[in-house]
Amino acid sequence: MFLASSVSAIQYKELDIKINTSIAEMYVDNIDYAKENKKEDFITTLGLGLNTKYEGRRRSLDIAGRMNYRFNARRKDNKDIRNNSEHLNINFKNEFSVYDMINLKYTFNHSYAPGSFEEELDRTTGERETFENRFNADYTRNISEHFKFDTRYTHRLKEFSEENRKDSSLNIIAFDIRYRPVIATTFLLTYAYERNNVNNEINRYAAGIKYYITNRLYFNGRAGWDRSFSGKTKKDKLNINASLTNEIDENSVASISYNKSEDFNSEGDDISGKWNVKGSLKRQLLKNLKTSLSGYYGESAFNASGITNALLGANLSLSYEVWEDMHVNLHYAYSDLDSTNKRRGYTRNAVTLSLYKSF
């Protein structure tokens with residue numbers, strides 16, 4: 001991918017406005033996420049974005065929107081892909097007092113390709129057009145110096161352009177209690193209830209801890225169980241979220257995590273039992289050169305369809321700051337999906353070379 005972007009800023013009182021444009025070129029060897037008859041291509045993307053930010057004494061508002069238009073550079077004979085994608089994020093925070101805060105967030109995303117390894121693992125089909133609306137409301141109450149209470153509500157609506165695919169919705173309500181007896185240790189109790197539009201349900205119960213082993217090394221863990229209801233089927237499964245992060249020095253950060261839970265799949269109409277292991281290393285090699293490396297392996301078994309997916313993935317990035325307002329980036333992404341669905345499964349490589357300039 002080649003990316004050239006220009007950014008200009010407008011200041012008005014407490015309001016900061018930035019406009020950015022971009023052009024991108026990406027090479028990928030499997031544009032259809034196909035198991036056989038893979039097709040490679042270069043994809044050109046033109047983008048226009050707007051970012052605004054307001055900072056007050058007790059409240060803030062962030063609005064970020066982007067429109068992209070992409071088209072194939074080479075493959076004109078078989079299937080010419082021309083499409084638009086859009087993203088909008090609105091985030092509002094308000095502190096009523098030093099004890100009470102509310103955070104409201106709305107996100108809209110229209111895309112064709114999965115945006116993460118987790119979404120790739122969850123898909124029962126390859127590339128598809130998806131419209132997603134998500135609203136989050138989070139209220140935090142600092143009960144005392146050591147106790148904090150948090151309640152969250154999420155509504156997600158997914159719509160698909162294909163006539164044979166049903167739209168889906170999901171509602172989540174959750175409660176957290178955090179206790180911090182000392183600076184290095186925080187305890188957590190949490191409960192969440194999730195329900196989709198076909199009356200599948202998940203109840204989540206967990207207890208956790210965040211503990212600083214040293215000033216740079218800390219553990220964050222949570223364990224409990226998920227009770228899921230799908231049709232007449234009820235399942236009780238262990239859920240685990242554990243990570244270890246080491247800020248090795250001022251230039252290096254390494255982390256590894258393990259996650260296991262019952263969850264609604266990315267299409268929203270099924271529940272899957274999943275687990276994954278992730279690792280990453282970020283390092284500032286030189287004053288103007290930094291790198292990051294990440295690896296992923298996960299498995300997901302869908303309750304209703306009986307399909308099981310396994311995904312191996314990796315990312316490697318290099319970024320060089322030519323001068324203050326210009327960066328050259330090199331990125332490589334690899335994913336390998338294996339599935340019990342004979343029509344699914346693929347390997348995919350993508351190489352990105354980008355140039356970013358702001359002024």
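1. Let me start with Glu 118: at 30% relative accessibility it counts as partly exposed (the class between buried, under 20% relative accessible area, and exposed, over 50%, with a 1.4 Å probe and protein chains only). Lys 278 is also partly exposed, at 30%.

2. A word on the model: it is predicted, with local features needing pLDDT of at least 70 and side-chain atom pairs counting only at pLDDT 80 or more, while totals for chains, interfaces and linings use all residues. Residues are numbered from 1 along each chain as its sequence is written, and side-chain values use heavy atoms, leaving out hydrogens and water.

3. Lys 278 and Glu 118 form a salt bridge, their closest N and O atoms 3.1 Å apart (a side-chain nitrogen of Lys or Arg within 4 Å of a carboxyl oxygen of Asp or Glu). The structure holds 16 salt bridges.

4. Next, Glu 132 and Lys 158: their salt bridge has its closest N and O atoms at 3.9 Å. Glu 132 is buried at 17%, and Lys 158 is buried at 4%.

5. In the salt bridge of Lys 237 with Glu 262, the closest N and O atoms are 3.8 Å apart. Here Lys 237 is partly exposed at 34%, whereas Glu 262 is buried at 2%.

6. Finally, His 110 is buried, with a relative accessible area of 6%.
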